[in-house]
Amino acid sequence: MLANIFLHYVLDTWFNKTVKDCVSGFCELVRYADDFVCVVQYAEDAQRIEKALKGRFERYGLEIHSDKSRAFSFGRFEIENAKKQNRRANTFDFLGFTHYCDKTRKGRFKVGRKTSRKKFKAKCKDMNLWLKSVRNLVKTKEWWKILRTKLQGHYQYYGVSGNMPSISKYYTITVRLVRKWLNRRSQKKRMSWSKFNDYLSCYPLPKPSIKHNLYTLSHVK
C-alpha cells in the first residue's frame, strides 16, 4: 500500500503534470503496483522520457532494472515494419498477458492478448502441485468444489477477447492432471478415460469462456 502511494507521487503525478506537457505527440502511462507501461507516439519523445525517468527514480532512491525494461516499436505499422526489416513484430508482457499486434477481420489494427508463456507455465505447475497435495487429504467431492472455483477464477482473469486458445488449453491440461492424480490415489482402481469422461458428465467442470469483451462497448441503459 505504501509503495503504491509512493509511486503515485513519484511516477503518476509527475508523468501527468510534467511529462505530458513536454512531448510532441501522444503519451500515456499505465501502471499497476510497480509494473508500468509508457505509451509514446514518437521515438524522440520516448528517448527523452526514458532518460528523465531514470533521473526521477534516482532522485528518490529507486532504480529501473535494465533486464526488465526496454524501449521498442509497437502499433498499427509494426507488422509491416517488421516484415521490411526481416524480424518478428515486437510483443510485450504486462500483468500476465503477452500483448501483440493483431488485425480485425476488416484489416484494422488491434492489440491482441494471450496468457504469457511464463504465467501459463506457472499456473499449470501450481495446479499440478495442488492436485497432488489435496487428493488424499479430503474426499474428492470436497476438493472438486475448490477445483471448480479455481477454474472459474482463471477464466475470470484470463478470459479476455482473443485469449480463448490459452484458457482452453489450460482447461485441457487441468483435466489431464485431475485424472492423473485421481489414478495415483492409494488402493484405488485405475480410472480409464471412458469412466473419467462419464464422471465429468455427472460432475462437470466449468468450461472456458470469454468474460471480458475488450473490443466492443455495450449500450448502457
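Helices (H or I, at least four residues) and strands (E, at least two) are DSSP runs, numbered from the N terminus. In these terms, alanine 33 is found in the loop between strand E1 (27-32) and strand E2 (35-40). The structure is a predicted model, in which local features need pLDDT of at least 70, side-chain atom pairs count only at pLDDT 80 or more, and totals for chains, interfaces and linings use all residues. Residues are numbered from 1 along each chain as its sequence is written, and side-chain values use heavy atoms, with hydrogens and water left out.

- Strands of a sheet pair through backbone hydrogen bonds, either parallel or antiparallel.
- Here an open sheet of three strands has the order E3-E4-E5, and its pairing is antiparallel; two strands are said to pair if DSSP finds at least two bridges between them.
- E3 and strand E5 (109-115) are the edge strands, each of which pairs on one side only.
- From one strand to the next, the twist averages 40°.
- E3 is joined to strand E4 (residues 97-103) by three bridges, and the two strands run antiparallel.
- Within this pair, phenylalanine 92 stands opposite histidine 99 in E4, and phenylalanine 94 stands opposite phenylalanine 97 in E4.
- E4 and E5 are paired over seven bridges, also in the antiparallel sense.

**Turns and positive phi angles**

- The hairpin of E3 and E4 has two residues between the strands.
- Leucine 95 lies in this loop between E3 and E4, and its phi is near 55°, a positive value in a residue other than glycine.
- With 32% relative accessibility, leucine 95 counts as partly exposed; the classes are buried (under 20% relative accessible area), exposed (over 50%) and partly exposed in between, for a 1.4 Å probe and protein chains only.
- The hairpin of E4 and E5 has five residues between the strands, and glycine 107 in its turn has a positive phi of about 90°.
- Alanine 33 also has a positive phi, of about 55°, although it is not a glycine.
- The relative accessible area of alanine 33 is 38%, so alanine 33 is partly exposed.

- Phenylalanine 92 lies in strand E3 (residues 92-94) and is buried, with a relative accessible area of 14%.
- Not counting residues up to four places away in sequence, phenylalanine 92 touches Val37, Arg70, Phe72, Phe74, Phe97, Thr98 and His99; contact means heavy atoms within 4.5 Å.
- The C-alpha atoms of phenylalanine 92 and serine 116 are separated by 9.1 Å, and these residues are 24 residues apart along the chain.
- Asparagine 163 has its place in the loop between H5 and helix H6 (164-182).
- Asparagine 163 is buried, with a relative accessible area of 0%.
- Leaving aside neighbours within four places in sequence, asparagine 163 is in contact with Phe97, Arg113, Lys114, Thr115, Tyr158 and Ile210.

- Two packed helices are described by the angle between their axes and the distance between the axes.
- Axes are lines fitted to C-alpha atoms, for helices over the stretch in contact, and angles run from 0 to 180 degrees between N-to-C directions.
- The axes of helix H4 (residues 117-134) and helix H5 (residues 140-158) come within 12 Å and cross at roughly 170°.
- H4 and H5 are therefore roughly antiparallel to each other; angles under 35 degrees count as roughly parallel, over 145 as roughly antiparallel, 65 to 115 as roughly perpendicular and the rest as oblique.
- Lys119, Lys123, Met127, Trp130, Leu131 and Val134 in H4 meet Trp143, Ile146, Leu147, Lys150, His154 and Tyr158 in H5.
- By class, this contact of H4 with H5 has eight nonpolar, one polar and three charged residues; Ala, Val, Leu, Ile, Met, Phe, Trp, Tyr, Cys and Pro count as nonpolar, Asp, Glu, Lys and Arg as charged, and the others, Gly among them, as polar.

**Helix H4 with helix H6**

- The axes of H4 and H6 come within 10 Å and cross at roughly 25°, and H4 and H6 are therefore roughly parallel to each other.
- Residues of H4 in the contact include Phe120, Cys124 and Leu131, and those of H6 include Tyr170, Ile173 and Trp181.
- By class, the contact of H4 with H6 has nine nonpolar, three polar and four charged residues.
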